[in-house]
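Thanks for coming, everyone. Please look at the structure on the screen, and I will walk you through it.

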Amino acid sequence: MADIDATGAPPVHPRTMYIRRHSIVTRLTHWLNVLCLSLLLMSGMQIFNAHPALYWGQYGANADPSWLQISATDGDTQPYGTFRIGSLTIPTTGVLGASKEDGEWTVRAFPAWATIPSYQDLAAGRRWHFFFAWLFVFNGLIYLLYGFVAGHFRRDLAPSGAEVSPRNLWHEIVEHARLRFPKGEKAKRYNALQKLTYLIVIFILLPLMLATGLTMSPGIDAGYPFLLDIFGGRQTARGIHFITAWTIVLFVLVHVAMVILSGLWNNIRSMVTGRYAIRTEGEDA
Amino acid sequence: MSKIVSRRRFLIGSAASLGAIGLTGCDDITENQNVQKVLALAEGLTMGTQRLLVSPQALAREYTDKDLSPTFRSNGTDNPGSEDYAAMVENGFSTWKLKIDGMVNKPMEFSLADLKKLPSRTQITRHDCVEGWSAIGKWTGVPLGLILQSAGLKPGARYAVFYCADELEQTLDGSGRYYESIDLIDAFHPQTILAYSMNGKDLEVAHGAPLRLRVERHLGYKHAKYVMRIEIRDKFSDLWGGNGGFWEDRGYEWYAGI
């Protein structure tokens, strides 16, 4: 291997080498998480549709001021949907508030194509939600156990001091914005933006979903009333659950965009088989 | 390479079939009986875990007068509307009687005046509807445990079933009548009361006059309104839909602590 600077080297040929990027535990828990989060989001929207308004504080119902509401008003031929956040109201007919279900205009917050089941059925939505919430918890526990015990977090996700320096972070943001992704040796490891983002999702956003979900449970509140104090009430917890869910959706959108832009098949292969191709513009051996 | 290609094909195939499920199959899957059984496993897990992690005596948070909801929304039935019920409203529930029977040593009857003479408990608690909203109200009533103790439970007693005056669906077999059931852990919980007063006044018709169950630590539909009779039973599988309550027979969880 002529790794060391070889001056006057012959023409450079790109080489491809494969590394093992993702362990079997990471790959399995990743795809199970895709399934869980998708169904949790769809059933969560079904549940939200039963009372499409959010409040701050301990209580909140129809007569109380809401900070977010999806609603509909009657029209001559069809209902009109609106989305309101604070005092800002946006017409959303066709998607939010009023949308077509089997060709018929229907008053419902999230449209039929986004919820499970498609038709309004709170009881069924809850069954889907809690089943996949449990699966998500078991999956997450296995991942966390593996992450700590096998050193995945320490080895692959903990950023070094230099990596989180403002200078390096700014450099990476600029590189990302220009869609220039690391190659060669650098591509073997996550960059600092990836590390920080994954850490935020794993240790803040996903646990926050679970904790705010549990705070909505009257049974859990009786045993662990501090949850109500941490989040400032059941209705506030419900709002944070909603905001965090859409923050995770935003993460997934950016994540999928990055997967596509930085090499769709290479990334998917590495998350399915573990093998990740690194292209180096190195010299021939 | 061929391995990778076949993996790609597998991936594309999987993605396509998942997409097809997403577009057309979710409702079919939801209605599949076996899927229903699998999804319903979560309820047992939730109940078992909560029973394990939350002490049977743990109290739901109690709030103060300044936390009361300015408007307490009524939900479900606003007025049972039957002739019998209307007549009782007319006479101020002076002819209303609560019956306690089933697997008890001493079946009992209480008038509203009788109940008001018994030791009472007042609690300001949060009512959480399964739909997602919450309202805080102040409830006064007789601890259910006290009444069950005086009636005396027979061996094998496991559930208290509440029969109500409201009928949400008109049916010949009475399956549209509201009923609910709780186990003895909840029946003897200190905050489980038969409430005849809300926010310092007699219970209004919209909130279940003359008597409603408060079973804090559960969602709103467990808090049966217009209670007429309490039957102590060893099972509820032989009642109407067999799931222990009006909403339970329509797909909602019997354990409503979540």
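Start with a salt bridge. The side chains of R126(B) and D221(A) meet there, at 2.8 Å from N to O. Where do R126(B) and D221(A) lie? R126(B) is in strand β3 of chain B, residues 121-128. D221(A) is in helix α6 of chain A, residues 218-223. So this pair joins two chains. Over all chains, the count comes to 26 salt bridges. Keep in mind that this is a predicted model.

Next, helix packing. Two packed helices are described by the angle between their axes and the distance between the axes. I have two pairs for you, both in chain A.

Take helix α4 and helix α5 of chain A. Helix α4 covers residues 166-177, and helix α5 covers residues 192-215. Their axes come within 9 Å and cross at roughly 95°. An angle of 65 to 115 degrees counts as roughly perpendicular, so α4(A) is roughly perpendicular to α5(A). Which residues meet? From α4(A) come N168(A), L169(A), E172(A), I173(A) and H176(A). From α5(A) come A192(A), L193(A) and L196(A).

Now the second pair, helix α1 and helix α9 of chain A. Helix α1 runs over residues 24-49, and helix α9 over residues 264-272. Here the axes come within 8 Å, and they cross at roughly 110°. That makes α1(A) roughly perpendicular to α9(A). On the α1(A) side we find T26(A), R27(A), H30(A) and W31(A). They meet S270(A), M271(A) and V272(A) in α9(A). This contact divides into three nonpolar residues, three polar and one charged.

Back to helix α5 of chain A, now for the surface. L145(A), F148(A), V149(A), I200(A), F203(A) and I204(A) form a nonpolar patch there. Together they have about 620 Å² of accessible area. Which elements give two or more residues to the patch? They are α2, residues 122-149, and α5 of chain A. I204(A), for one, lies in α5.

Last topic: the backbone. Most residues other than glycine have a negative phi, and most peptide bonds are trans. Here are some exceptions.

In chain A, the peptide bond from I116(A) to P117(A) is cis, with omega near -10°. P117(A) sits in the loop between β7, residues 104-108, and α2.

In chain B, the bond from A209(B) to P210(B) is cis, with omega near 5°. Look for P210(B) in the loop between β8, residues 201-202, and β9, residues 212-214.

Then there is F93(B). Its phi is positive, about 60°, although F93(B) is not a glycine. Find F93(B) in the loop between α3, residues 83-90, and β1, residues 97-102, of chain B.

Methods
Residues are numbered from 1 along each chain as its sequence is written. Chains are lettered from A and ligands numbered from 1 in the order in which they are written. This is a predicted model: local features need pLDDT of at least 70, side-chain atom pairs count only at pLDDT 80 or more; totals for chains, interfaces and linings use all residues. Side-chain values use heavy atoms; hydrogens and water are left out. Axes are lines fitted to C-alpha atoms, for helices over the stretch in contact, and angles run from 0 to 180 degrees between N-to-C directions. Helices (H or I, at least four residues) and strands (E, at least two) are DSSP runs, numbered from the N terminus. Angles under 35 degrees count as roughly parallel, over 145 as roughly antiparallel, 65 to 115 as roughly perpendicular and the rest as oblique. Contact means heavy atoms within 4.5 Å. Patches are made of residues with over 30% relative accessible area and no salt bridge: like charges are joined within 9 Å, nonpolar side chains (Val, Leu, Ile, Met, Phe, Trp, Tyr) within 5 Å. Accessible areas come from the Shrake-Rupley method with a 1.4 Å probe; for residues, only the protein chains shown count as cover. A salt bridge is a side-chain nitrogen of Lys or Arg within 4 Å of a carboxyl oxygen of Asp or Glu. Ala, Val, Leu, Ile, Met, Phe, Trp, Tyr, Cys and Pro count as nonpolar, Asp, Glu, Lys and Arg as charged, and the others, Gly among them, as polar.
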